[in-house]
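Please examine the sequence and the model shown below. The paragraphs that follow treat ring contacts, pockets and salt bridges in turn.

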Amino acid sequence: MTTPMVEALGVRKSYGANHVLKGVDLSVARGEVTVLIGPSGSGKSTLLRCINHLEKHDAGQLRVDGELVGYQLRNGKLYERSERELCTDRAQIGMVFQRFNLFPHLTAIENITIGPVKVLRANEEATRTKARELLARVGLVDKDDHYPSQLSGGQQQRVAIARALAMDPKLMLFDEPTSALDPELVGEVLEVMKDLARSGMTMVVVTHEMGFAREVATSAYFLDQGVIEESGDPRDILVHPKTERLQNFLSKVL
């Protein structure tokens, strides 16, 4: 049996008395595009951040590529991984945020090359060559010397995707990557994500773009109040939702 790229078993996360995740089970196969949908505050982004240990889950197990996230098992006991080990793990997981998070004082190509050069100790010249190839892939071949302030929101998000890809990740996480964009700029980012999906990249995407979910995703999980209410093929559950809660949610977003 093939090991899933992402596996969550009974994952829980609380902030004080606020129980954000209440025992989430999830499995993402290699090469699969999984979407997490649901109302604001349902736990989608928290689950995504737990997958690369930006947030520390309180209970349950999370594995990426068969390895425990945030912990290692030694002599039957769990030990938290060191910050250096966590950084090594995170380098293999690309993360694209709502708000781009580009360095404003660096050009597009410098934003893309800084990770491989500083973290992976990659050759600077080879990294710049690869960065130009990635900019071409996301449709920004002529923007390499532009600063974020000189780019539209959609262009900045595409640079952010190229920056994540520069680290050669085995998994890409997207946290509502189009929610901060003007409507006319959403399509250009979704096209880049569709191209990634066609290339076989494993992706977990928090999104409200139901058209993208139906067209591209291979599985969908609907979260509400910290639990998965419904999951399955997005072409099924988004067209014929079984639970009343998902029916109500879709009536508001479609």
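How many aromatic pairs does the count come to? The structure is a predicted model, in which local features need pLDDT of at least 70 and side-chain atom pairs count only at pLDDT 80 or more, whereas totals for chains, interfaces and linings use all residues. Residues are numbered from 1 along each chain as its sequence is written, and side-chain values use heavy atoms, with hydrogens and water left out.

The count comes to one aromatic pair, where rings of Phe, Tyr and Trp (its six-membered ring) pair if their centres lie within 6.5 Å, and planes under 30 degrees apart count as stacked, over 60 as edge-to-face and the rest as tilted. Phe222 and Phe249 form this tilted pair, at 5.3 Å centre to centre and with 40° between the planes. Helices (H or I, at least four residues) and strands (E, at least two) are DSSP runs, numbered from the N terminus. Both Phe222 and Phe249 are buried; buried means under 20% relative accessible area, exposed over 50%, and partly exposed in between (1.4 Å probe, protein chains only). Elsewhere, Arg74 lies over the face of Tyr79, at 4.1 Å from the ring centre; the criterion is NZ of Lys or CZ of Arg within 6 Å of the ring centre and within 35 degrees of the ring normal.

The pockets come next. On a 1 Å grid over the protein atoms alone, a pocket is an open set of points where a 1.4 Å probe fits, with protein on both sides within 12 Å along at least five of seven lines, and lining residues have an atom within 4 Å of a point. The largest pocket has a volume of about 560 Å³, a volume being the space filled by probe spheres set on the points, which are joined across faces, edges and corners. Its lining comprises 20 residues, of which Arg90, Ala91, Ile93, Arg163 and Met167 lie nearest the centre. Two or more lining residues come from each of α2 (83-90), β8 (93-96), α3 (108-118) and α5 (153-165), and α3 gives the most, with four residues. The lining of the largest pocket divides into twelve nonpolar, five polar and three charged residues; Ala, Val, Leu, Ile, Met, Phe, Trp, Tyr, Cys and Pro count as nonpolar, Asp, Glu, Lys and Arg as charged, and the others, Gly among them, as polar.

The second largest pocket holds about 240 Å³ of space. Among its 19 lining residues, Val64, Glu67, Leu68, Val69 and Asp89 lie nearest the centre. The elements giving two or more residues to this lining are β4 (59-64), β5 (67-68), β6 (71-74) and α2. Here the division is eight nonpolar, five polar and six charged.

Which charged side chains meet? The structure holds 15 salt bridges, each a side-chain nitrogen of Lys or Arg within 4 Å of a carboxyl oxygen of Asp or Glu. Lys56 pairs with Glu80, the closest N and O atoms being 3.2 Å apart. Lys56 lies in the loop between α1 (44-51) and β4, and Glu80 in strand β7 (residues 77-80), 24 residues apart. Asp168 and Lys130 meet at 2.6 Å, N to O. Asp168 lies in the loop between α5 and β9 (171-175) and Lys130 in helix α4 (residues 124-137), so this bridge ties together parts 38 residues apart in sequence. Asp168 is exposed, at 57% relative accessibility, while Lys130 is partly exposed, at 23%. Finally, Arg30, Asp65 and Lys170 are linked in a network of salt bridges.
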